[in-house]
Amino acid sequence: MAASHAKHHDYHLVNPSPWPVTASISAFIMMVGAVIWMRSQAEGAGVFGITGPWVFAVGVLGVVTSAFLWWRDVIAEGQHGDHTPVVQLHFRYGMILFIASEVMFFVAWFWAYFDVALFPKSIHDLLNSTDVVGQVSRDQLLGGQWPPIPAEGTGLTVPATGAPTPGIFQHTFDPWGIPLLNTIILLTSGVTVTWAHHALLKNDRRGLVIGLLLTVILGGIFTFFQGYEYMHAAFSYAGHIYGSTFFMATGFHGVHVIIGTIFLLICLIRALRGAFTPKHHFGFEAAAWYWHFVDVVWLFLFAAIYVWGAGPHPGGAGGH
């Protein structure tokens with residue numbers, strides 16, 4: 001009788017799980033909280049007496065909890081031998097499709113950036129039509145060039161903080177300062193995570209742990225420098241198309257770096273607890289793929305936004 005229930009195939013039928021439902025509900029709560037939060041920022045009040053940050057925090061807590069418990073169950077399935085080579089292959093297909101969707105996500109931000117960078121005088125203006133942002137055409141807003149013409153006159157910064165006034169563009173970043181340093185940091189982290197992967201394939205536990213530890217540290221250093229860079233930006237997100245396209249592209253990349261760092265930190269903790277073998281380590285492999293994707297996106301950001309889009313006077317040098 002027991003033999004009739006033995007598995008004679010390479011596939012795995014998952015057990016019933018509540019986590020997809022709880023994750024979906026939590027994501028919905030998080031989205032509703034974000035909308036209420038943004039409305040309260042614009043209108044100065046919540047919705048039905050509910051404040052957005054609290055609703056958003058509840059949603060985030062639910063998503064994080066559901067993810068932790070869901071992935072815990074997936075790890076347990078692998079430890080029980082349910083992740084056969086065929087199942088692992090399908091996991092890899094799923095990760096490839098996920099990264100492909102992330103590529104298209106960043107394509108949208110690059111599209112927005114290049115649309116305005118290549119046509120600072122709108123194509124509609126060239127056709128004697130109108131392209132209006134509020135009551136200002138793109139040509140008037142940017143001065144018909146990219147990067148935009150820096151703001152002239154006084155009162156460009158808030159005296160108390162030195163931060164740029166919303167809507168004011170002063171100058172781009174010098175690409176050969178912190179951006180170049182962060183590029184070196186991320187490329188180095190790509191080397192260390194690859195070192196960790198090759199160490200695992202050779203069953204070198206020490207090399208695996210050291211490589212992962214160095215990658216996590218480098219990810220944290222990158223995040224620190226990007227935060228420092230944002231604090232000293234000569235433009236703001238609000239009120240100006242240069243700031244909005246810059247912060248959306250580089251900011252979402254920064255979020256991906258933080259997520260990837262957490263991903264690798266979890267792999268480091270699991271490695272210290274004896275997880276992963278040379279033939280069974282999809283969790284780490286997925287983290288490494290994700291990290292390499294983050295590296296490649298940054299190279300495009302550095303080349304397109306920081307270097308190509310720096311303009312004649314990056315960092316405020318030589319003028320305005």
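Author: Read along the sequence, the elements of this predicted model follow the order α-α-α-α-β-β-α-α-α-α-α.

Reader: How much of the chain counts as buried?

Author: Of its 320 residues, 37% count as buried. As to contacts with a separation of 6 or more, 72% of them join residues 24 or more positions apart.

Reader: What does the UniProt record say about a "transmembrane region"?

Author: The UniProt entry, which is unreviewed, places that feature at residues 19-38, 45-71, 91-114, 207-225, 245-269 and 289-309. Such annotations may be inferred rather than shown by experiment. In the model, residues 91-114 are 100% helix and 0% strand, and the end C-alpha atoms of this span lie 35 Å apart. Residues 289-309 are 95% helix and 0% strand, with 28 Å between the end C-alpha atoms.

Reader: Which quantities describe a pair of packed helices?

Author: Two packed helices are described by the angle between their axes and by the distance between those axes.

Reader: Why is α6 called roughly antiparallel to α7?

Author: The axes of α6 and α7 cross at roughly 165° and come within 8 Å. Angles over 145 degrees count as roughly antiparallel, and therefore α6 is roughly antiparallel to α7. The crossing of these two helices is left-handed. Their contact comprises 19 nonpolar, eight polar and two charged residues.

Reader: How do you know that α7 is roughly antiparallel to α8?

Author: The packing angle of α7 and α8 is about 155°, and their axes are 9 Å apart. With the cut-off again at 145 degrees, the value lies in the antiparallel class, so α7 is roughly antiparallel to α8. The crossing of α7 and α8 is left-handed. The residues of this contact divide into 17 nonpolar, ten polar and two charged.

Reader: What makes Leu212 a buried residue?

Author: Buried means under 20% relative accessible area. Leu212 has 0% relative accessibility, and therefore counts as buried. Leu212 is placed in helix α7. Not counting residues up to four places away in sequence, Leu212 touches Ala196, Leu264, Cys267, Leu268, Ala271 and Phe284. The C-alpha atoms of Leu212 and Thr192 are separated by 7.0 Å, although the two are 20 residues apart along the chain.

Reader: Why does Asp295 count as buried?

Author: The relative accessibility of Asp295 is 7%. The limit for a buried residue is 20%, so Asp295 counts as buried. Asp295 belongs to helix α9. Leaving out residues up to four places away in sequence, Asp295 touches Leu186, Ser189 and Gly190. Asp295 and Thr183 are 112 residues apart in sequence, while their C-alpha atoms are 8.4 Å apart in space.

Reader: How do you know that Glu77 counts as buried?

Author: Glu77 has a relative accessibility of 16%. Buried applies under 20%, and Glu77 therefore counts as buried. Glu77 lies in helix α2, residues 52-79. Apart from neighbours within four places in sequence, Glu77 is in contact with His12, Val14, Asp82 and His83.

Reader: Why is Asn203 called partly exposed?

Author: A residue is buried under 20%, exposed over 50%, and partly exposed in between. Asn203 stands at 48% relative accessibility, and therefore counts as partly exposed.

Reader: Where does Phe276 lie, and what makes Phe276 buried?

Author: Phe276 lies in the loop between α8 (241-272) and α9 (282-308). Its relative accessible area is 7%. Phi of Phe276 is near 75°, a positive value in a residue other than glycine.

Notes: Residues numbered from 1 in each chain as written. Predicted model: local features only at pLDDT ≥ 70, side-chain atom pairs only at ≥ 80, totals over all residues. Heavy atoms only, no water. Buried < 20%, exposed > 50% of the residue type's maximum accessible area, 1.4 Å probe, protein only. Helix = DSSP H or I, 4+ residues; strand = E, 2+ residues; numbered from the N terminus. Axes fitted to C-alpha atoms, helices over the stretch in contact; angles between N-to-C directions. Parallel < 35°, antiparallel > 145°, perpendicular 65-115°, else oblique. Left-handed = near helix turned anticlockwise from the far one by under 90°. Nonpolar A, V, L, I, M, F, W, Y, C, P; charged D, E, K, R; others polar. Contact = heavy atoms within 4.5 Å.
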